[in-house]
Amino acid sequence: MPQYKRILLKLSGEALAGEQKYGIDPVTVSKICGEVAEVVRMGVQVAMVIGGGNIFRGMAGAARGMDRSSADYMGMLATVMNAVAVQDAMETLGHPTRVLSAITMQEICEPYIKRRAERHLEKGRVVICAGGTGNPYFTTDTAAALRGMELKCDIIIKATKVDGVYDKDPVKYGDAVKYNTVSFEEALGKRLGVMDATAISLAMENNMPIVVCNMFGGDIARLIKGENVGTIVQGES
């Protein structure tokens with residue numbers, strides 16, 4: 001029996017690139033969608049937010065002299081490209097999927113309308129929320145927190161290449177220690193990199209738990225079943 005009825009799954013754009021530094025790797029996308037499909041088959045309603053860092057990152061463009069608003073809009077367009085790639089892979093696996101963008105582009109996807117997104121979820125369709133929040137200066141982490149609360153999700157799952165939150169980078173440091181649970185205050189105070197500060201603050205104010213886990217190996221499905229997987233970020237008990 002699934003532990004959660006409706007989830008918001010946050011994926012980084014870089015995850016779609018696989019072993020390559022840039023772009024979209026179809027094999028990796030298919031593998032990720034296989035993990036999501038397992039959750040959908042359990043009867044869980046799945047909304048997704050995908051970053052655009054594998055194509056263009058707004059802050060990186062701004063750091064190189066671009067106007068921040070222009071750079072962020074380019075990053076939002078990159079998230080739409082990723083969303084369409086994931087939609088294609090999900091539907092190849094037999095799961096109806098809809099892309100709803102905060103930036104209107106009717107020839108490619110539907111506009112993001114809260115009630116429409118909820119209706120798709122109720123009908124068992126996977127909903128991919130693209131285009132960030134539709135506003136510059138906000139990251140896709142913040143978009144994930146916002147959509148998670150708007151759509152009344154039970155939990156936000158941030159799927160990454162590591163299996164949880166550590167006190168330092170486990171790839172660089174062999175003695176890195178994994179946290180099983182972290183409070184919102186700790187995540188902010190220690191800058192643990194769970195999500196950006198705006199997203200964490202938003203989740204904290206609305207008591208929305210965040211779980212960080214591995215995107216591969218069935219961890220997302222195990223988490224949905226109620227197993228102790230990854231690191232949970234929540235309010236202090």
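The model is predicted, so local features need pLDDT of at least 70 and side-chain atom pairs count only at pLDDT 80 or more, while totals for chains, interfaces and linings use all residues. Residues are numbered from 1 along each chain as its sequence is written, and side-chain values use heavy atoms, with hydrogens and water left out.

Arg191 has a positive phi, near 50°, and is not a glycine. Most residues other than glycine have a negative phi. With a relative accessible area of 76%, Arg191 is exposed (exposed is over 50%, buried under 20%, partly exposed in between; 1.4 Å probe, protein chains only).

Next, select Asn207, in the loop between α7 and β10 (210-214). Asn207 also has a positive phi, about 55°, and is exposed at 58% relative accessible area.

Move on to helix α4 (residues 114-122), which holds Glu118. At 12% relative accessibility, Glu118 counts as buried. Leaving aside residues up to four places away in sequence, Glu118 touches Arg6, Glu150, Leu151 and Lys152 (contact means heavy atoms within 4.5 Å).

Now display the buried residues of α4: Ala117, Glu118, His120 and Leu121. Seen down the helix axis, they fall within an arc of 160°, so they line one face of α4; the arc is that of the directions from the axis to the C-beta atoms. Their cover includes β1 (6-11), β2 (45-50) and α5 (140-150).

Notes. Helices (H or I, at least four residues) and strands (E, at least two) are DSSP runs, numbered from the N terminus.
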